[in-house]
Amino acid sequence: MSAVTATIRQVRPRPGFGALRAVLGNRKALVGSVLLALFVVLAAVPGWIAPYDPTAEIFQPALGPSSQHYFGTTAYGQDVYSQLVWGTRQSLLIAFAVGGLATVLAVLIGVSAAYLGGLSDGVLSLVTDVILVIPIFPLVIVLAAYEKNAGFTTLVVVLGAFGWSYGARQLRSQTLSMRNRDFLQAARVRGERKLYVIVYEILPTMTSLIVATFLGAALYAVLTAAGLQFVGLGDPNSLSWGTMLYWAENNEALGAGMVWWAIMPGVCVALLGAAFALLNYAFDEVSNPALRKPRKVTRG
Amino acid sequence: MRFVVRRLVFFVITLWAAVTANFLIPRLMPGDPALAMMARYRGRVNPQALHSLEIAFGVNNHQGLVAAYFAYLGNILRGHFGVSLTFFPEQVSHEVFQALPWTIALVGVTTVLAFVFGTLIGLLGAWRRGGMLDSALPPIFVITSAFPYFWLALISIWLFAIKLDWFPASGGYDVTTKEGWTWAFASDAVRHSILPALTILLTSIGAWILTMRNNTISVLSEDYVRMARAKGLSPWRVMWTYAGRNAILPNLTGFAMSLGFVVSGAILVEFVYNYPGVGWMFLQSVENQDYALMQALFLMIIICVLTAILIADAATAILDPRTRDSR
Amino acid sequence: MRRTRISLLLLAVVVLAAATWAGASTGAKAASGSSVTISNESGTTWTCGFNPYNPSVSYLAFGTVYEELVFVNALQSAKATPWLASAYAWSNGNKTLTFTIRNGVKWSDGQPFTAADVLFSFQLLKKHPALDINADWSVLKSVAQKGSNKVVFTFKTSAVPYFYYIAGQTPIVAKHVWSSIANPVTYNDAHPVGTGPYTMSSCSPQVIDYQRNAGYWQKGLPKIDTLYYPSFTSNDPANQELADDQAQWGSQFIPNIKGYYLSKSPDHHMWFPPVANVSMFINLKDPQLSALPVRQAMAYAIDRARVSQIGEYGYEPPSNQTSIVSPTYKSWIPKSLAGTYSYNPAKAKQILTSAGYTMSGGVFHDPSGKALSFTIVNIGGYSDWVASVQVIAQELKSIGIKLTPENLSSTTYDADLYNGKYQLAYGAETGGPAPYYELRQMLYSKNSAPIGKPASSNWERYSNAQVDAWIDQYGATTSSAVQHSIVAKLAGIMTSQVPVIPITEQVDWYQYSTKTITGWATPQNPFAQPAAYNTPDIGVMLLHLRPKG
């Protein structure tokens with residue numbers, strides 16, 4: 001009996017307070033949110049947390065971890081911990097910028113394609129499929145190699161402009177399956193404009209999918225940006241985790257005893273990525289009750 | 001039938017768009033292969049000799065854009081991809097085919113392995129809800145799939161190859177081993193591929209486990225599964241032929257796509273492990289503004305992906321009758 | 001039942017893995033006789049082409065398989081050792097050069113080597129300018145054979161320094177092989193026939209195997225039977241091979257070489273002899289930079305020792321303003337100019353203030369009110385150069401000159417540098433076997449070009465008729481005294497005009513292990529440039545090596 005009522009209650013998940021409670025109740029979401037919040041704080045006020053200027057080459061190079069330098073110093077005499085803290089900003093900015101851009105595009109194109117139908121749908125779907133097929137990493141490499149400094153803007157534009165297709169595809173099929181649902185029929189009969197229907201009726205039902213697209217794109221952006229910078233196609237003078245890995249690699253940090261310099265930036269990327277991945281995983285569970293861990297072991 | 005026609009149309013249009021973009025992009029970007037050559041030979045060539053080299057390399061060929069485009073298309077259709085600047089005077093096709101087996105062997109095989117093992121684990125995990133596989137492994141793999149691949153590779157080289165000396169640190173095979181179809185060579189090549197393979201597996205398997213698990217869970221709540229269980233069929237049978245077969249369907253397209261993207265994924269692997277495959281070759285071609293090689297590789301990637309998608313669509317159509325008549 | 005099938009599968013995999021292991025460990029190393037392995041990151045896999053006139057692969061054939069007429073040693077101020085030519089002589093006002101070709105030399109296929117091969121090689125270069133990578137024919141008028149064993153070179157104008165390129169840097173190929181090649185520019189030369197100490201025995205994209213040439217003209221040499229030259233696409237694996245003792249001859253940039261390589265064994269050694277400079281090139285056409293006080297101030301404000309320490313791990317000695325590298329060419333530095341422009345930030349500030357520059361907001365402004373703020377272009381891929389420029393930027397900042405580094409891709413950098421589209425640039429000339437070569441590259445106005453057109457060197461666009469005359473004078477003489485006096489004058493230009501600021505000295509990257517092999521080049525015995533990527537010095541080094549004990 002209670003299972004049935006539980007199912008009914010979950011048909012139209014309302015954003016807001018309900019979501020918050022769902023997030024806090026789910027352990028994975030909790031861990032993910034805490035991690036993310038931690039990084040947001042580091043990105044917002046690095047000056048309060050980092051003890052030194054990250055680019056100042058004033059310390060003795062290649063020091064090991066100590067109470068003054070939690071992760072030691074680089075081969076150039078900079079403090080690794082301060083670099084990590086200040087580097088958060090770039091990585092987070094890329095994640096959110098690309099995530100945002102890709103999601104907006106995915107929603108626009110995916111939902112419109114499904115809702116408009118007909119020729120528009122055909123054209124938009126074709127464009128989506130074509131972009132989906134183009135390999136992003138090699139393309140970014142080509143563009144980065146020609147750009148002066150493969151800076152922030154290039155990365156965001158390219159990753160965002162090519163990363164929306166997967167999400168658009170999913171949103172489109174979700175919208176398609178909903179086209180003939182009762183509440184939409186009702187809105188059409190009422191005479192609501194297409195735009196209203198899309199924004200106020202369809203979108204709210206796809207929150208989890210939209211969030212999933214955002215988190216997926218953000219994760220991909222962080223990993224790709226780090227990969228590019230590591231290979232040397234980013235701006236080596238910029239301050240981010242990827243460039244830290246680039247410098248560590250170029251100085252044989254692992255082989256020459258500066259182990260933390262090589263390991264920590266990767267750990268940070270992994271943690272940020274894990275935060276996104278955990279939140280994604282948790283959101284799946286929030287929106288699809290079947291995925292949640294069963295409270296009791298016995299099955300029906 | 002309409003389905004097949006639609007997919008073929010999509011294939012042709014995408015191919016054409018890719019070929020055209022491939023042609024345009026290097027020409028639109030700033031930079032000059034003649035200067036790229038000067039950069040490469042810095043110190044080894046007297047700059048006054050460079051002009052003749054440019055002509056020899058066919059670099060300052062002032063054809064009109066449209067004429068060059070059609071010449072390019074014609075060449076592609078005949079399989080002429082030109083001479084590589086990086087590997088002058090070898091043909092691009094020769095170099096690519098030499099490097100291709102390494103990439104396919106390493107990244108191709110590990111992708112297949114990751115898919116197979118990931119799907120199996122996901123299936124089993126979903127089948128035994130609440131068990132160890134379900135509660136412990138997925139979160140762990142969620143985290144490992146967020147690891148930057150190259151970082152994990154560096155650490156494993158340092159740990160397993162240098163500190164513990166269990167595996168070779170780099171390369172496709174040992175310097176003193178002769179290439180050829182001998183046991184010594186084959187076993188040496190396998191030994192050199194274990195570390196890269198393991199790191200690829202670790203980072204990519206997470207995604208497969210999760211998606212398969214989620215799909216299986218949705219499928220398990222369907223009526224026909226319940227019916228099968230009610231009929232008294234053995235749990236294995238239900239899992240394999242009823243739940244598994246249907247849960248895997250959405251994954252097939254994903255798997256096809258990932259096979260197509262094998263080369264893109266190979267780039268970082270081959271960079272870190274000094275593996276002589278096409279991924280690393282692509283990086284080289286970009287650095288050297290070797291248009292011919294770059295275009296050939298880019299095209300190859302896209303063709304791989306498209307072919308893979310076509311095959312996946314065909315497989316889905318065969319396995320799932322629903323896709324055949326709708327839409 | 002399923003479970004047993006799976007476990008059987010697993011067992012099979014494990015057994016296969018174990019067999020692989022055993023097979024690999026025993027079967028791999030099968031080298032007989034003595035061998036040496038090179039560790040040099042070439043950044044590419046081998047194409048197995050060995051055309052010595054193809055700049056991408058010439059370093060794999062020239063020195064080992066193909067040889068030169070005379071060996072010119074850059075580490076001994078262009079000391080000349082007759083090689084395929086047994087003697088040479090200048091005549092006719094240093095416009096004619098006659099070589100006597102050595103007797104008793106054979107090609108690796110058994111055919112005798114004669115003057116006809118020398119003549120043929122140079123005619124080949126004339127016929128196909130794309131092969132003339134040293135631009136020999138830019139100064140040559142004609143090449144002719146005289147008698148059975150002499151070859152006479154006639155020059156358009158006296159160009160004595162070109163001896164290095166013609167005699168020392170041009171590989172001689174076999175007429176009986178190359179005369180039938182239709183297009184030598186695209187000729188692969190997969191089985192090179194040469195006069196050198198080694199023959200190319202087998203090649204795969206990952207490694208080249210050279211074997212000693214039993215019929216080599218220097219009797220009893222070489223003493224090392226096999227040379228392995230593996231290809232490396234990135235630095236790390238190459239460094240690893242050295243540290244593991246799998247390679248004995250390194251030509252690598254190894255960060256933290258003490259901890260990474262030297263400490264691993266007492267047999268591990270390194271030596272980094274300098275030959276040219278890494279400098280800050282100043283665009284003399286820029287209105288602010290054309291003012292001498294600005295350039296002088298910058299030269300005083302840079303702590304070269306610190307740049308070398310932090311950016312280059314101290315591997316590259318700090319340069320001096322004359323650009324004559326030390327200790328290699330120390331005897332060429334005029335005593336009066338040694339030690340000029342040593343680090344003195346106070347003096348830098350003083351020069352600017354007495355020239356009418358004013359400090360405002362931490363930055364100097366010129367008399368017209370414009371701030372001294374410049375961009376410096378650099379190759380983003382050279383991490384040590386990037387690090388060096390970061391140090392320079394900090395040092396200039398502390399005296400009030402703002403520097404913004406622009407890290408570009410190799411090709412964009414070259415475009416900007418050659419075309420003069422930059423304010424400051426961090427870069428290096430090639431140099432040569434004596435200080436003259438780099439000075440000429442930096443100061444000769446004929447090497448340069450107007451802004452917007454590519455200049456092959458002299459990127460700072462320095463132009464001075466008197467300097468050009470001195471450079472031409474050097475080209476006409478073989479007298480060591482005259483050469484020294486001209487170099488002293490050119491050094492004086494470097495210190496008085498400061499057109500370029502040399503920062504660190506470019507070195508040969510060289511590591512070697514004395515565990516199984518001896519005879520290596522050392523500071524006490526600098527018989528050749530020791531990095532394996534130098535041609536034809538690689539051949540000379542191999543001829544000195546022998547197995548220990």
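Where is the place of Thr226(C) in chain C? Here are some friendly notes on that and a few other spots.

1. A word on the model: this is a predicted model, in which local features need pLDDT of at least 70 and side-chain atom pairs count only at pLDDT 80 or more, while totals for chains, interfaces and linings use all residues. Residues are numbered from 1 along each chain as its sequence is written, chains are lettered from A and ligands numbered from 1 in the order in which they are written, and side-chain values use heavy atoms, with hydrogens and water left out.

2. Thr226(C) belongs to strand S10 (residues 226–230) of chain C; strands (E, at least two residues) and helices (H or I, at least four) are DSSP runs, numbered from the N terminus. With a relative accessible area of 4%, Thr226(C) is buried (buried means under 20%, exposed over 50%, partly exposed in between, with a 1.4 Å probe and protein chains only). Its side chain makes a polar contact with the side chain of Gln211(C), at 3.5 Å. A polar contact is a pair of N or O atoms within 3.5 Å; within protein, one must be able to donate a hydrogen and the other to accept it, and residues adjacent in sequence count only if both atoms are side-chain atoms.

3. Turning to the pairing of chain A with chain B, 47 residues of chain A are in contact with 48 of chain B, contact meaning heavy atoms within 4.5 Å. The two chains bury about 4,200 Å² between them, and 79% of that is on carbon and sulfur atoms; buried area is the accessible area (1.4 Å probe) that two parts lose on being put together, summed over both. Between chain A and chain B there are zero salt bridges (a side-chain nitrogen of Lys or Arg within 4 Å of a carboxyl oxygen of Asp or Glu). The rule finds one residue pair in polar contact across this interface, both at pLDDT 80 or more.

4. On the side of chain A that touches chain B, the elements giving two or more residues are helices H6 (118–133), H7 (136–146), H12 (207–231), H13 (241–250) and H14 (259–287) of chain A. H14(A) gives the most, with 14 residues.

5. Please also look at helix H5 of chain B, where Ala105(B) is found. Ala105(B) counts as partly exposed, at 42% relative accessibility.
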